[in-house]
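Biologist: Could you walk me through this model? I'd like to start with the pocket and then move on to the core.

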Amino acid sequence: MMIQTMKLIKRVNFEDCDPFSHLNNAQYLNYFLNAREEQLRTHKVLNIFEHSRKTGNSWAVISHDIRYMKPALLGEELEIWSRMLTFDTLRNLVEFVMVNPENGQLKAMMHTQFAYFSIRDAKPAKPDENLVRLFGEIALFPGTPLYSIKMEDRLKAVKQEILSES
């Protein structure tokens, strides 16, 4: 079985901070999205750049819902989790979690909807059966409609998960 929750350690860089030595709000998006790409590639789940080159299709962000819980600080080591929650024929919903692995403090959480697009036609594309099968293996809640997954409910579940891991 494929890994559903992938994790990556990342240290907060100086150039990504605001004058208060907090990770700049906009940088959370970069940290989350870059971690996801690296996790998918490192765990040999999917190389999105190779996939795009071969198929002419890729994913575009259509929405972010982010919650900032505690500031991530300059030099702080963070564990970034990512996992697909669910998918349908055109979109998928990915959850990102940022936590301090030493003290279990939740820093931020984000839900991102991605749409699968033909790069050439700039139109939605349907994933082939191999992608659908892969999504079925890695999604936490396959078959669940995207609109039925609520951030507040997932936030409670993630806090409980962090508590049970520490």
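Biologist: Which element gives the largest share of the lining of the largest pocket?

Modeller: This is a predicted model, with local features needing pLDDT of at least 70 and side-chain atom pairs pLDDT 80 or more, while totals for chains, interfaces and linings use all residues. Residues are numbered from 1 along each chain as its sequence is written, and side-chain values use heavy atoms, leaving out hydrogens and water. A pocket here is an open set of 1 Å grid points over the protein atoms alone where a 1.4 Å probe fits, with protein on both sides within 12 Å along at least five of seven lines, and lining residues have an atom within 4 Å of a point. The largest share, four residues, comes from α1.

Biologist: How many of the lining residues are nonpolar?

Modeller: Among the residues closest to the pocket's centre are Arg36, Leu40 and Trp59. Two lining residues are polar and two are charged, and the nonpolar ones number 14.

Biologist: Which residues touch the most other members of the largest nonpolar core?

Modeller: A nonpolar core joins buried (under 20% relative accessible area, 1.4 Å probe, protein chains only) Ala, Val, Leu, Ile, Met, Phe, Trp, Tyr and Cys residues through side-chain atoms within 4.5 Å. Of its 31 residues, the ones touching the most other members are Phe32 and Met98.

Biologist: And what gives the largest share of this core?

Modeller: Elements giving two or more residues include β1 (6-11), β3 (77-87) and α3 (129-138). The largest share, five residues, comes from α1.

Notes:
Buried < 20%, exposed > 50% of the residue type's maximum accessible area, 1.4 Å probe, protein only. Nonpolar A, V, L, I, M, F, W, Y, C, P; charged D, E, K, R; others polar.
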